[in-house]
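Here is a friendly walk through one structure, from a single residue out to the whole chain. Please keep the model open beside the text as you read.

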Amino acid sequence: MVADALAARDIRGERFVDVGCGGGQLQAFVRDRFDRYVGVDGVRYDDFPAEAEFHELDLDQGRVPLPDGVADVAAAVETIEHLENPRALARELVRLTKPGGWVILTTPNQRSVLSLLTLLTKGSFSAFQDADYPAHITALLEVDLARIGAELGLVDAGFAYSRHGRLPFTAAHYPIAVAGLFPRALSDNLLYIARRLPLSSD
């Protein structure tokens, strides 16, 4: 989803900052568009790319040790649902992004058929069952991400969907062609992308 969103807008630049980077798997999908990949997470995993820059940080507690406006893109992929304060993460992504740069967030899609049926039958969204706790603690809808982005002055916002979704109450997945016809309803994950306002030319 991240690679597709970048390609659709032909976004390129010097630095891509991945907050909640895990093992740095995202680098392979963005390396052809950015000179530098920077990862931030609570621990440096053994498979994190040796050539990439890394900063250790408890994402619930601190400020990323990078200057303001350092990133052409600041992203948090499947991270926001793990954190206590989603607005704090979004503010930090915006702080890291240079004027005119982009913020990307992905998270479980609570409005999928699977998630809504799970909410109706089990009382909580599909990715927020007891088995997912305490890893997943913050469920967000598209409207929440849109409101947070608007509060932070982001513009040119858009959503995309994974087109990869599990059939309710089974281990099977929808065929990609079918999920592509109804992406919001049949996708397990969504992506939000928006741009920080460029500096005024005045």
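Let us begin with valine 40, which lies in strand β2 (residues 34-41); helices (H or I, at least four residues) and strands (E, at least two) are DSSP runs, numbered from the N terminus. Valine 40 is buried, at a relative accessible area of 0%. Here buried means under 20% relative accessible area, exposed over 50%, and partly exposed in between, using a 1.4 Å probe and protein chains only. Leaving out residues up to four places away in sequence, valine 40 touches Val17, Asp18, Val19, Gly20, Cys21, Phe54, His55, Leu57, Leu59 and Val64, where contact means heavy atoms within 4.5 Å. Its C-alpha atom is separated by 36 Å from that of valine 178, 138 residues apart along the chain.

A word on the basis of these values: this is a predicted model, in which local features need pLDDT of at least 70 and side-chain atom pairs count only at pLDDT 80 or more, while totals for chains, interfaces and linings use all residues. Residues are numbered from 1 along each chain as its sequence is written, and side-chain values use heavy atoms, with hydrogens and water left out.

Next comes helix α3. Of the 11 residues in α3 (residues 86-96), 8 are buried, so the helix is largely enclosed by the rest of the structure. Those buried residues are Pro86, Leu89, Ala90, Glu92, Leu93, Val94, Arg95 and Leu96. They pack against β1 (13-19), β4 (71-77), β5 (97-108), α5 (142-151), β6 (154-161) and β7 (189-196).

Glutamate 92 and alanine 74 are 18 residues apart in sequence, and their C-alpha atoms are 9.0 Å apart. In helix α4 (residues 113-122) sits threonine 118, in contact with Gly123, Ser124, Phe125, Ser126, Gln129 and Phe169 once neighbours within four places in sequence are set aside.

The table gathers relative accessible areas.

| Residue | Relative accessible area | Class |
|---|---|---|
| Threonine 118 | 5% | buried |
| Glutamate 92 | 13% | buried |
| Glutamate 78 | 26% | partly exposed |
| Arginine 163 | 39% | partly exposed |

Now for some backbone details. Most residues other than glycine have a negative phi, and most peptide bonds are trans. Glutamate 78, in the loop between β4 and α3, has a positive phi near 50 degrees. Arginine 163, in the loop between β6 and α6 (176-181), has a positive phi near 55 degrees. Tyrosine 133 and proline 134 are joined by a cis peptide bond, with omega about 10 degrees; proline 134 is in the loop between α4 and α5.

Finally, the whole chain. It has 7 helices and 7 strands, in the order α-β-α-β-β-β-α-β-α-α-β-α-α-β. The radius of gyration is 17 Å, close to the 17 Å that the globule rule gives for 202 residues, so the chain is as compact as a globular protein of that length; the radius is taken over C-alpha atoms, and the rule is 2.2 Å times the number of residues to the power 0.38. Of the 202 residues, 46% count as buried.
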